[in-house]
Amino acid sequence: MDTEIWRDIDVCQWKYEVSSFGNIRHKKNKKNLWKNLSFWYVYQTLSNNGRPKRYRLHRLIANAFIPNPEVKPLVNHKNWIKTDNRVENLEWATARENTNHNHKELKYKHNNWAKKRVSQHYKEWNLIKIYESVAEAGRQLNIWHQQISNNLVMKQKYCHGFIFKYQEA
């Protein structure tokens, strides 16, 4: 999709819109709302008659853009990046499909990400060191490997003040 498409969401008396690019805005002033992150998912607190309620953004977008004729209860992120809420990255799923999808993610991460070389940088481009894997970087720096992985997939901007990047083979 090249053009961002906006649709009303059916919560909070139609005050808000979501986009095909994964954004949310107030319908009246057209300003994008600040996104919050909780347990790797983007959520938004919306107000309905003065009562705040938290919504996961991927569910709002799926409800607005993706038909669900089989009434599947869950929404999968096809590329496993839970902050990527573009319409083309979302799909409805059953609990079994969701579990199978997550097993594929773990197998992919184990076979590919864990074996890739990573570089440690100060700020954007000041190279400090190259490590053979995320696990090695974590061991040498005494940083939990998942924090480094989160930085690599842009779930967080910095990891202990550093930026990590995958190295090409």
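This is a predicted model: local features need pLDDT of at least 70, side-chain atom pairs count only at pLDDT 80 or more; totals for chains, interfaces and linings use all residues.

Asparagine 36 stands opposite tyrosine 43, which belongs to strand S5. Strands S4 and S5, the latter covering residues 41-48, run antiparallel and are joined by three bridges.

**The sheet**

- Strands of a sheet pair through backbone hydrogen bonds, and the pairing may be parallel or antiparallel.
- Here three strands form an open sheet in the order S4-S5-S6, with antiparallel pairing.
- Strand S4 (36-38) and strand S6 (51-56) each have a single partner strand and stand at the edges, so one side of each is left without a neighbour in the sheet.
- From one strand to the next, the twist averages 45°.

**The helix across the sheet**

- Helix H1, formed by residues 57-65, lies across S5 and S6.
- The direction of H1 is at about 80° to that of S6.

**The nonpolar cores**

- In soluble globular proteins, nonpolar side chains tend to be buried together.
- The largest nonpolar core holds 20 residues, of which Ile9, Val18, Leu46 and Leu60 touch the most other members.
- Two or more residues of this core come from each of these elements: strand S2 (16-19), S5, H1 and strand S8 (90-93).
- Helix H1 gives the largest share of this core, namely six residues.
- A second, separate core has nine residues, among them Tyr131, Ala137, Cys159 and Phe164.

Notes
Residues are numbered from 1 along each chain as its sequence is written. Side-chain values use heavy atoms; hydrogens and water are left out. Two strands pair if DSSP finds at least two bridges between them. Helices (H or I, at least four residues) and strands (E, at least two) are DSSP runs, numbered from the N terminus. Axes are lines fitted to C-alpha atoms, for helices over the stretch in contact, and angles run from 0 to 180 degrees between N-to-C directions. Contact means heavy atoms within 4.5 Å. A nonpolar core is a set of buried Ala, Val, Leu, Ile, Met, Phe, Trp, Tyr and Cys residues joined through side-chain atoms within 4.5 Å. Buried means under 20% relative accessible area, exposed over 50%, partly exposed in between (1.4 Å probe, protein chains only).
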